[in-house]
Amino acid sequence: MVLVAVYGLLALAATGRSVLQISEYFSRAPLAYLLSALAAVIYVVATVALARGDRTSRTVALVAISIELAGVLVVGLASYLARDAFPDKTVWSHFGSGYGFVPLVLPVLGLLWLRRTAAPAA
């Protein structure tokens, strides 16, 4: 339950921030803000999939959380290497430092939880 709640909270925060950045400052860093919006969509999908918890939803959650982890690692590194492309903090920039590094830790916890709660193989 706590994992779903944290995902839901991050989904709301990421959605709000990306909507503001795209609507007000898009020309300043379009790639960064679009990636932030993508992160928001992934958080929404992961939240719903984790909350539902059926077999198909668990697969969707696994894919979404795996993409999330790859995204935070790639965007986190890119935000240090191409600073001009990331003038403002986004969800995944600087490995989620603007969110207390929760975006870096959360997918690891999500994947561990999915693994721990997986049904035993027949």
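This is a predicted model: local features need pLDDT of at least 70, side-chain atom pairs count only at pLDDT 80 or more; totals for chains, interfaces and linings use all residues.
I started with helix H1 (residues 2–25) and helix H2 (residues 30–52), which pack at an angle of about 155° with their axes 8 Å apart. Helices here are DSSP runs of H or I with at least four residues, numbered from the N terminus. Axes are lines fitted to C-alpha atoms over the stretch in contact, and angles run from 0 to 180 degrees between N-to-C directions. H1 and H2 are therefore roughly antiparallel (the label for angles over 145 degrees).

Residues are numbered from 1 along each chain as its sequence is written, and side-chain values use heavy atoms, with hydrogens and water left out.

I looked up the hand next: the crossing of H1 and H2 is left-handed (the near helix is turned anticlockwise from the far one by less than a right angle). Contact means heavy atoms within 4.5 Å. On the H1 side the contact residues include Tyr 7, Gly 8, Ala 11 and Gln 21, and on the H2 side they include Tyr 33, Ala 37, Ala 40 and Val 44. By class I get 17 nonpolar, 6 polar and no charged residues. Here Ala, Val, Leu, Ile, Met, Phe, Trp, Tyr, Cys and Pro are nonpolar, Asp, Glu, Lys and Arg charged, and the others, Gly among them, polar.

Then H2 against H3: the angle is about 150°, with the axes 8 Å apart. That makes H2 and H3 roughly antiparallel, and their crossing is left-handed. Among the residues that meet are Leu 35, Ile 42 and Arg 52 in H2, and Val 60, Ile 67 and Glu 68 in H3. I noted 13 nonpolar, 1 polar and 2 charged residues there.

Next I went to the loop. Asp 88 sits between helix H3 (55–81) and helix H4 (102–116). Asp 88 is partly exposed at 23% relative accessibility (buried is under 20%, exposed over 50%, partly exposed in between, with a 1.4 Å probe and protein chains only). What does the side chain of Asp 88 make polar contacts with? I found the side chain of Arg 28 at 3.2 Å and that of Tyr 33 at 2.3 Å. A polar contact is a pair of N or O atoms within 3.5 Å; within protein, one must be able to donate a hydrogen and the other to accept it, and residues adjacent in sequence count only if both atoms are side-chain atoms.

Last entry: Thr 90, also in the H3–H4 loop, is buried at 2% relative accessible area.

Definitions and conventions:
Helices (H or I, at least four residues) and strands (E, at least two) are DSSP runs, numbered from the N terminus. Angles under 35 degrees count as roughly parallel, over 145 as roughly antiparallel, 65 to 115 as roughly perpendicular and the rest as oblique.
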